[in-house]
Structures are given as structure tokens and as C-alpha cells.
Amino acid sequence: MSTKLWYDEFVNDWMWALPLGNGRVGAMQYGNPDCEQIEINEESLWSGRQIEESYHASPEALAEIRKLLHQEKLKEAAQLARETFLSDPPVVRSYEAFGEIFVDFLDKSPYTNYRKELELSEAICRIFWTKSKANYKSECFISEDFDSFVYKVEAEGKPFSCNVSIKRKRDAYSACIEDDTIIMNGRITYATHHYYGEGGEGMSFGARLKIKTDGELSHDHSTITVADATYLIIYSAFETNYEADKFDIDEAIDFKAKLNETIEKLYNADYEEIKEKHISSHKEWFSNVEFTLPESEISALPTNQRLKELKWDEYDPDLFSLYYNFGRYLLIESSGKNARLPANLQGIWCHDFNPPWGSDFHTNINLQMNYWPAGSGNLSKATAPFIHFMKMISIFGSETAKELFGARGWVINHTTDAFGRTGVHDSVDCGFFPMAGPWLCLNLWEHYEYTNSREYLEEIYPILKGSCEFVQDYLTENEKGQLITSPSNSPENEFYFIDSDGEKQESMFTEGATIDYQIIYALFTRTAHACKLLGIDEDFAKTLSDVLNKLPPMEISERYGTIREWIKDYEETEPGHRHISHLFGLFPGDQINESDPEIYEAAKRTIARRIENGGGSTGWSRAWTICFYTRLKDGNNAYNHLRYLLKKCTANNLFDIHPPFQIDGNFGGVAGITEMLLQSHEGSLEERISELLPALPDEWATGSIKGIKARGNLTFDIEWCDGVLKNASVTASDNTKLRIKLNDKTKNLKADKAFTIEGNCLVAEASAGEKITLTN
């Protein structure tokens with residue numbers, strides 16, 4: 001199993017730096033042998049603070065917008081919506097970089113024998129180089145157990161000297177309080193701005209660095225000098241006064257005391273014990289899945305060279321295994337371990353004070369995509385911060401539902417920050433998306449399906465119900481007796497229409513975008529099933545069923561034979577748009593499947609037309625395309641788009657490129673790879689069906705994967721050879737009836753216990769904890 005990124009050259013570029021994390025703290029190591037630079041992040045360091053946003057909407061304005069939309073006066077409807085729906089202030093706050101640690105070596109002579117590596121199975125970065133006849137080795141990691149960043153450098157053959165400092169370009173100061181200790185304290189300040197609202201003082205934050213060495217120490221105001229050392233260890237801790245249980249700053253938090261406590265605990269521990277404990281804790285997260293594809297001669301090259309060779313179509317299956325393992329690693333390091341907030345647009349790794357899109361939480365696909373690989377990739381624990389986020393957002397969103405829409409339940413639109421804002425932000429055209437909450441609920445439900453935890457289902461049921469109540473109140477009946485969403489849009493995409501003067505116009509606003517009904521189907525069917533499982537709210541479940549029966553059906557476009565993106569057969573202004581929202585029902589939903597061949601074939605034409613016109617242009621959109629093709633059981637096309645993702649949308653450190661860096665493409669790519677090898681969305685909510693190797697590409701004729709999950713909390717190990725299943729095993733967590741769909745890769749499947757073949761499925765009873773061996 002390939003688990004190491006490595007390089008034989010230093011490039012002074014953040015997109016060549018290597019990521020570390022423990023969920024709460026993140027780091028990017030550059031690996032500079034002359035002056036090491038390590039970018040630090042802390043998940044809660046955002047500009048601003050919690051505010052009460054205001055709205056200008058009213059029931060009368062909403063009714064008028066709906067009337068205009070129904071009359072096809074889309075331009076007028078959009079203008080009124082812009083005047084009434086945009087929140088005040090209209091922009092959410094940004095995630096910020098914490099600071100940078102520098103280890104500036106005084107010897108600037110040339111270096112040789114350079115190697116930089118990240119071992120994913122240990123979550124340790126290591127740098128090796130030779131300079132002035134001394135052999136150097138540095139290593140660093142972020143401990144889950146000690147909640148801190150640890151760096152060590154040592155030299156054999158000659159002592160070294162260096163200067164150690166931590167810096168931040170704004171809102172902070174650094175000072176040495178002893179020869180071996182540096183402190184940094186700060187408070188984010190921000191000016192009044194018509195986009196961001198009133199200025200003021202924001203979050204307080206601080207860092208402590210403490211050094212252990214056999215060299216001599218001295219210091220000036222903010223820099224420690226280490227002289228004639230053979231080794232140097234930097235222990236460092238980072239804190240803010242943010243409280244995740246409030247989604248706000250808490251001035252009562254004594255973050256400085258926390259820093260001192262963490263540093264003293266670290267300093268009094270043995271370095272090797274700290275590292276050993278770190279590796280052991282990390283393996284509990286990382287090592288439950290093993291994905292192996294064949295190596296080639298290319299596999300021995302540095303990672304950046306392997307990416308270059310892939311562009312020339314060289315054979316290197318193992319690179320996809322490395323990419324998969326790296327994606328799981330990123331989710332662990334940004335949302336597992338000590339994380340309290342979910343992974344944002346950049347996970348937890350941010351280089352700026354005003355990063356692209358604020359490095360915020362985008363909720364019209366991006367945050368959802370971050371958690372697509374969690375269940376199937378056996379990382380359900382990493383969804384804990386997302387679940388907490390949903391609890392908080394449902395509280396804040398209840399006020400927005402009431403004030404903005406006059407509705408029960410709760411709502412969120414297309415973006416939010418660490419302070420829980422749920423209104424319409426950035427612009428009404430793109431920012432209006434009240435179906436974001438129902439979509440996010442699908443992620444909540446997926447966690448249930450992959451864990452089978454009744455206690456968890458009871459915990460999230462009020463969130464699901466509240467989202468359903470909002471949708472029920474938001475739907476309005478048209479002249480056909482259908483319940484439609486209005487206003488509505490298909491995220492960020494526009495269409496042509498003819499206005500009342502006969503002029504061709506463009507609009508995002510309409511009634512009933514197709515994605516809305518696919519999302520509502522997913523939310524209502526699952527919430528009704530939750531009622532059944534928990535034995536509650538039978539009457540409420542009936543109302544959900546009644547609504548589903550009155551939703552408009554999916555329609556096929558007469559123009560292209562594709563699934564309509566809107567309730568009318570509009571033509572999109574950008575046929576290759578990055579959002580392919582009307583295929584939500586194919587993935588991540590399950591409404592579009594082989595049980596309806598006509599719609600299923602239309603879905604194939606839909607994605608083909610998008611791609612033919614330049615679709616999948618961003619990293620995350622290409623990752624979504626991979627997932628679509630896996631559900632269409634087209635492994636070779638899924639593989640082709642996976643190759644494209646690595647060739648065109650992946651940086652030298654394997655970060656996804658939107659462009660710029662955006663982490664959702666990494667996570668979407670991992671989800672797509674798992675779906676190539678195991679699917680479990682078919683059947684019904686009562687009786688899920690698993691399928692092995694449903695979209696195996698020809699290029700992966702031989703391989704294995706261990707530890708991935710199917711719905712129903714089933715754990716699979718799968719091995720294949722010559723393009724067909726060789727053997728597999730499945731372990732059940734609960735008493736269940738196992739159903740495995742047979743295909744051309746598994747058509748001779750047998751189990752090592754009593755089984756039957758029912759239609760195209762192998763069926764066997766499984767007991768809790770039982771492991772069943774499958775052979776082909």
C-alpha cells in the first residue's frame with residue numbers, strides 16, 4: 001500500500017508544502033534546508049465574531065416574487081429578490097492563517113542529498129539533507145494526545161546554529177520571555193466595512209514555543225538563537241478564545257493558561273514517547289483501510305515526477321492508491337482527532353488573511369462533498385464536528401426561517417462561517433439556496449446508515465424534522481395541484497428565457513429547479529423512515545408521504561434527451577457549467593438508478609452533454625463527475641475522469657486545485673474511488689443491497705482494498721484479479737440479512753455459509769460480529 005509522498009527538490013511554494021494536522025491544529029511544512037518555514041493554522045481562528053444579521057424580506061414581498069415568477073416576469077422577480085433577500089451584512093467572515101514558525105539555519109552553504117517526505121501512515125513529515133559535511137534530518141508532527149505541534153532537527157558530523165521565531169503579519173506580537181521560550185499573543189481587529197458590517201475587536205489567540213536542545217541558548221526581543229547544537233526540539237501550542245459550543249468568542253476562556261499547561265506537559269515528556277504515542281493514535285484512524293494497486297517503474301519516482309508522467313499517460317496504478325490514501329489522511333487531519341469545527345473549503349490549511357471565498361463553509365455542494373468519503377471510507381468518527389455544526393446551524397437557522405420566510409423549522413443558504421450565520425450572503429443570485437439545509441441532512445442520514453446507531457438517530461431526528469417542516473412551509477401549490485419550490489435556482493447556473501417584450505434574457509431565478517425535488521425526496525423518505533425506526537411521529541411521516549406524491553416528476557428535455565435542470569425546458573446559458581445539480585438524484589442521492597431505465601439513460605446523456613461542453617472544469621466538479629460515472633456503472637469513464645482530476649486539477653503536494661486550492665475535490669475523488677469498488681445505495685431504506693466491483697476500470701485488473709464500509713455497517717475486504725472478484729469477506733456489526741448484487745465481476749459468487757440466490761442477489765443471514773467469506 002502506497003503511503004508516502006516524497007520529493008528530491010525544494011520549491012519555495014505553499015502548494016509544494018506538506019500538510020499535517022490533528023483536526024484542531026494544522027501545519028504546512030515547506031522543507032527549506034536554509035530556513036525552515038512552517039505555516040500554522042488553528043481551526044477556530046476566524047475574523048469577526050457572532051452578530052445578529054438583519055433581513056428585509058416580508059411575507060408580502062415573498063408572495064409578490066412568487067407571483068412574478070409564475071407570470072414569467074423573471075427579471076422583475078430577481079430584482080425584487082435582490083432588494084429583499086440579501087442579509088445585512090451581506091458577507092460572512094473569513095478563516096485566517098495563524099502564523100509561521102521559522103528555523104533559520106546560519107549556515108547558508110549549498111546543500112545536497114535533499115529529500116522531503118510525508119508518511120501518511122504515521123502523519124510525520126521528514127526532511128533529509130547534507131550541508132558542510134553534516135547530515136541533517138528533521139521531522140515534525142501534530143500530536144492528538146498532547147494537542148500540539150512538535151518539530152525536531154538533528155545533525156551528524158558537525159554542530160549547527162540557527163534562529164527560531166514565530167511571526168504573524170498582523171494583529172499579533174511575539175516576545176521571548178526566557179532563553180528557551182517564545183510567546184505570541186494577538187487579537188484580530190477589523191474595520192467597519194459595508195460588506196462585512198461593523199468593525200471592532202474579534203478573537204484573541206496565542207502561541208507558546210519552548211525549546212529543548214544540547215546547544216547554547218540566547219535571545220533578543222522575539223528570536224531565540226541556538227548555537228553549536230546537535231539536536232533541537234521545538235514544542236509548540238496554539239489556542240484561541242473561541243467556544244465551539246456557542247459558535248462564538250468567549251472572553252472567559254483563559255487560553256494563556258491552556259497554552260502554559262500544554263507546553264509544560266510536553267516539555268516534561270520524553271520526545272520518543274510523544275512520537276510513539278502520536279503514531280499509535282494516528283494508526284487507529286488511518287490503518288483500518290488498506291488500498292493496494294500494482295506498482296510500476298514509475299512508482300519509484302518522486303511524487304511530482306509521477307504526476308508529470310501521468311500527464312504523458314504512463315502506467316502507474318499505485319499513484320491512484322496513494323491519492324486515495326492521501327484523501328483519507330486529509331479528512332482525518334482536518335476533521336478527525338481533536339477537531340471541533342468541520343473541514344472548511346481548505347480543510348484547515350490556509351495561507352492567507354483573506355483566502356479565496358473566505359475559506360468558509362460553502363453549503364451548495366462543497367461542505368457536503370467534504371464528508372462524502374466518511375462513511376464508505378471507514379471514517380465515520382471524522383463526522384463528529386459536522387454533526388455538531390448541524391446542531392448549531394439548526395438553532396441559528398430557525399430564526400432565519402421565521403424572519404426570512406415566515407416558516408417553521410430551520411434554514412441555511414449557500415454559505416456560513418464559524419459564527420453560524422444562515423441568511424442569504426454574497427449575492428441573491430448565487431447566495432439564495434434554501435435547499436442547502438435539506439441537502440446537509442443527507443450527510444447526517446448517511447452517518448446513520450453507515451453506523452446503524454439508534455442513539456445517534458434519536459439525536460439527529462429533531463434536525464431532520466425541522467428541515468422537513470421548513471420545506472413543507474416553503475412549498476406552494478401551482479395550478480396543476482403540484483407542490484413547487486418558489487423562488488428556486490439550480491446552484492449558480494443560468495438559463496435563457498423570453499421576456500414579455502419578446503427579448504432573450506438570462507436568469508438564475510425560476511420556480512422548481514429539479515435539484516430541489518430530488519433533495520426533498522431524499523430528505524422526506526429518510527425522515528419518514530426514521531419515524532418508523534424510532535416508532536414516533538406516525539402522523540408526521542404521513543404528511544411527508546402526502547407531499548412527495550404532489551411533487552413534480554423528473555422530466556426529460558425534448559431538446560437533448562437529458563434530464564431537465566428546471567421545471568420548464570429552459571436552455572442553459574452555459575452547457576458545460578461546473579454544477580451538475582439536476583443529477584443530485586444520481587449522486588449523492590439514490591433516486592436515479594437502474595429501476596427506472598428511461599431516467600437512468602437520460603442521466604447518462606446529461607453528464608455526457610456537460611462534459612462535451614467543457615464541464616467538470618474545476619477539481620470538485622471533476623470529482624463529482626467520477627461519482628456520477630460510478631453510479632452509471634461505467635468504470636472506464638470514471639477512471640478517465642479520475643486521471644483528469646490528477647492530471648489537470650492536482651498540485652504537486654496532491655492538493656486539489658479548483659483553482660486555487662480547494663479541498664473538496666480531494667474528498668470527492670476518494671468517494672468516487674470507493675464507489676468504483678463498492679456500492680450500497682440500491683434496494684430500499686429497509687433492505688440495502690451491496691455490490692462489489694460495480695465500476696471497476698479495465699486499468700485496475702488486479703488489486704485489493706480492505707476495511708471499506710457499506711450501508712448497514714458492513715465492513716468489506718475485497719480482492720480481485722484479471723478483472724473479476726477473487727475473494728472477499730464481509731463483517732456485520734448487527735444481526736442482518738446480507739444482500740449482494742451479482743454482476744459480470746461477481747456472477748459466480750458463493751459464501752462460506754448457507755445462502756440463496758434471489759433474482760440477481762446473493763442473500764445470507766449474518767449475525768452481529770460474524771465474518772462471512774465470499775469466493776468467486
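Student: What joins β27 to β28, and through how many residues?

Tutor: In this predicted model, a hairpin of four residues links β27 to β28.

Student: What makes β27 and β28 a pair, and in which sense do they run?

Tutor: Pairing calls for at least two bridges between two strands. Strand β27 (residues 678–683) has four bridges to β28, so the two count as paired, and they run antiparallel. Glu682, for instance, has Ile689 in β28 as its bridge partner.

Student: Why is β28 called largely enclosed by the rest of the structure?

Tutor: Buried means under 20% relative accessible area. Five of the five residues of β28 (residues 688–692) are buried, so the strand is largely enclosed. Both faces are covered: Arg688, Ser690 and Leu692 are buried on one side, Ile689 and Glu691 on the other.

Student: Which residues have the most contacts inside the largest nonpolar core?

Tutor: That core has 231 residues, and those with the most contacts inside it are Phe85, Phe149, Trp700, Phe716 and Ile718. Beyond its neighbours within four places in sequence, Ile718 is in contact with several residues, including Leu692, Leu678 and Ile705.

Technical notes
Residues numbered from 1 in each chain as written. Predicted model: local features only at pLDDT ≥ 70, side-chain atom pairs only at ≥ 80, totals over all residues. Heavy atoms only, no water. Buried < 20%, exposed > 50% of the residue type's maximum accessible area, 1.4 Å probe, protein only. Core = buried A, V, L, I, M, F, W, Y, C linked by side-chain atoms within 4.5 Å. Contact = heavy atoms within 4.5 Å.
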